[in-house]
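Trainee: I am new to reading protein structures. Please take me through this one, a feature at a time.

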Amino acid sequence: MHINKILFLVVLFIAGNSFSQNILEPEEAFRLALENNYGIKITYNDVEIAENNAGLLNSGYLPSLTANAGTTYNRDNTEAEFSDGTVRILEGAKSNRLNAGVTLNYTLFDGLGRLYNYKRLKELYDLSELEARETIENTIYNLFTIYYNVAELSENVTSFEQALAISKDRITRSQYQFDYGQVTKLAVLNAQVDINNDSINLINSKQQLGNTKRDLNFVLGNVLEPNFKVDTLVNFILKGERDALLNKVKSSNVLLQQVEKNILINEFNIKATRGNFFPTIGLFGSYGYSKNNNNAASFLAVSTNSGLSGGLNLSWDIFDSGTTITRVNNAKINLESQELIKEELLISIERDFYNAWDDYINKLTIYQVQADNIITATANFERTEEKFKLGQVTSIEFRQAQLNLISAELSRNQAKYDAKLAELRILQLSGDLLNIDFASN
């Protein structure tokens with residue numbers, strides 16, 4: 001798929017979706033990045049330059065047409081002796097010359113170098129699209145890394161707000177109990193310390209959230225209002241597809257496709273360089289016009305010439321001091337290097353895929369465990385809270401149950417988004433990152 005079609009397809013897919021209720025959905029963030037990210041915009045320009053370079057106007061298949069014109073003016077002192085013995089002396093004799101012409105040159109044959117150079121330019125254009133795709137994939141992965149960081153921090157802020165609300169209720173209850181002589185002043189002071197700690201945690205978390213939102217807005221070209229929110233709902237789309245995904249990695253990974261293009265480019269480069277061993281045959285033609293206004297010392301006062309000329313020319317660099325041979329040999333070595341790079345990259349990508357897959361499975365398992373842990377921590381806190389209200393547990397025990405719940409929530413949040421980013425890494429390796437089905441995501 002051409003890079004310049006990606007934005008159109010994404011916009012078509014998301015058409016009708018609006019940035020409503022100040023919630024930035026993942027598909028909307030994806031679209032905004034493709035439209036507004038500066039790195040992606042520069043990449044689109046690079047692809048356009050490569051497309052221009054691969055066009056017919058840069059192919060060498062078109063003829064060259066050159067026009068030239070000129071005029072010459074002379075003012076001479078002349079002494080002329082004619083064959084009959086007559087002598088004529090001229091002071092400040094004037095003469096001028098006008099000329100104009102058009103020349104056409106066209107290469108009929110150049111050892112097929114032009115053909116393979118043209119094919120090489122086409123492959124360079126395809127390579128530029130693959131490089132653009134790599135840039136876009138890296139940008140989108142970075143986008144979602146920040147996006148889910150915002151989501152995690154948003155949930156963390158909610159957890160700290162709930163913790164602060166519980167602590168405020170606790171200090172109110174402790175103050176009433178102290179007033180009625182049910183607890184000592186120490187219980188009130190402990191509650192106040194816990195409120196201060198919860199307030200500090202909330203302040204720091206809000207600051208981190210604000211900073212990360214600005215990072216996300218930067219990736220999106222700074223088009224969002226500061227008070228936007230992100231979707232914290234996460235669905236996992238990869239199931240037990242490891243072997244199928246590995247095959248896709250080997251066929252669709254953008255880095256591997258780039259190496260394959262470089263191999264093809266080097267093959268064309270060898271063939272184009274070999275064209276220097278053959279002669280070059282060219283066709284030329286011209287039309288010219290000239291007019292001379294001579295001084296009185298000339299036999300002709302005025303002379304005018306015009307006409308067509310044309311022909312074939314052949315040039316053959318029989319031996320160029322070994323330059324072409326050296327270039328061909330170096331091109332062969334470059335081709336061998338590209339093939340070695342491909343072999344190494346295949347091994348590297350397979351290793352990266354297995355590492356990414358294991359990382360995803362492990363993080364998904366940890367998330368599931370943390371989600372179960374939330375149920376336990378919540379039940380423990382609710383039971384402890386009931387006993388605290390009945391005076392059956394101390395404030396220290398209550399606080400510990402509260403801290404356990406907060407820790408479980410923060411761990412669950414981190415595990416959820418770590419697992420999602422691990423999944424996106426697999427999609428990037430397999431070349432599917434730009435084909436995410438947001439409807440099921």
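Predicted model: local features only at pLDDT ≥ 70, side-chain atom pairs only at ≥ 80, totals over all residues.

Trainee: Are Glu-28 and Arg-31 buried or exposed?

Mentor: Start with where they sit: both are in helix α2 (residues 26–36), three residues apart, which is about one turn of the helix. Helices (H or I, at least four residues) and strands (E, at least two) are DSSP runs, numbered from the N terminus. As for cover, Glu-28 and Arg-31 are both buried.

Trainee: How far apart are N and O in the salt bridge of Glu-28 and Arg-31?

Mentor: A salt bridge needs a side-chain nitrogen of Lys or Arg within 4 Å of a carboxyl oxygen of Asp or Glu. By this rule the count comes to 17. For the side chains of Glu-28 and Arg-31, the N to O distance is 2.5 Å.

Trainee: Why are Glu-423 and Lys-420 about one helical turn apart?

Mentor: These two form a salt bridge, with the closest N and O atoms 2.7 Å apart, and both Glu-423 and Lys-420 are buried. They are separated by about one helical turn because they lie three residues apart in helix α9 (residues 395–429).

Trainee: Which residues do salt bridges with shared partners join into one network?

Mentor: Follow the partners that the bridges share. They link up into one network made of Arg-170, Asp-194, Asp-198 and Arg-399.

Trainee: Why does Asp-243 count as exposed?

Mentor: Asp-243 meets Arg-242 in a salt bridge (3.7 Å, N to O). Arg-242 is partly exposed, with a relative accessible area of 34%. Asp-243 counts as exposed because its relative accessibility is 52%.

Trainee: How much space lies in the largest cavity?

Mentor: Rolling a probe the size of a water molecule over the atoms shows where empty space is left. On a 1 Å grid over the protein atoms alone, a cavity is a set of points where a 1.4 Å probe fits but cannot get out, and lining residues have an atom within 4 Å of a point. Grid points are joined across faces, edges and corners, and a volume is the space filled by probe spheres set on the points. The whole structure has one cavity of 30 Å³ or more, and the space in the largest cavity is about 40 Å³.

Trainee: Which element gives the most to the lining of the largest cavity?

Mentor: The lining is made by Ile-166, Asp-169, Arg-170, Arg-173, Glu-385, Phe-388, Lys-389 and Phe-398. Two elements give two or more residues to it, α4 (113–179) and α8 (323–389). With four residues, the most comes from α4.

Trainee: What is phi of Ser-321 near?

Mentor: Most residues other than glycine have a negative phi. Ser-321 lies in the loop between β6 (302–315) and α8, and counts as exposed at 65% relative accessibility. Its phi has a positive value, near 65°.

Key:
Residues numbered from 1 in each chain as written. Heavy atoms only, no water. 1 Å grid on protein atoms, 1.4 Å probe; cavity = no way out; pocket = protein on both sides within 12 Å on 5 of 7 lines; lining within 4 Å. Buried < 20%, exposed > 50% of the residue type's maximum accessible area, 1.4 Å probe, protein only.
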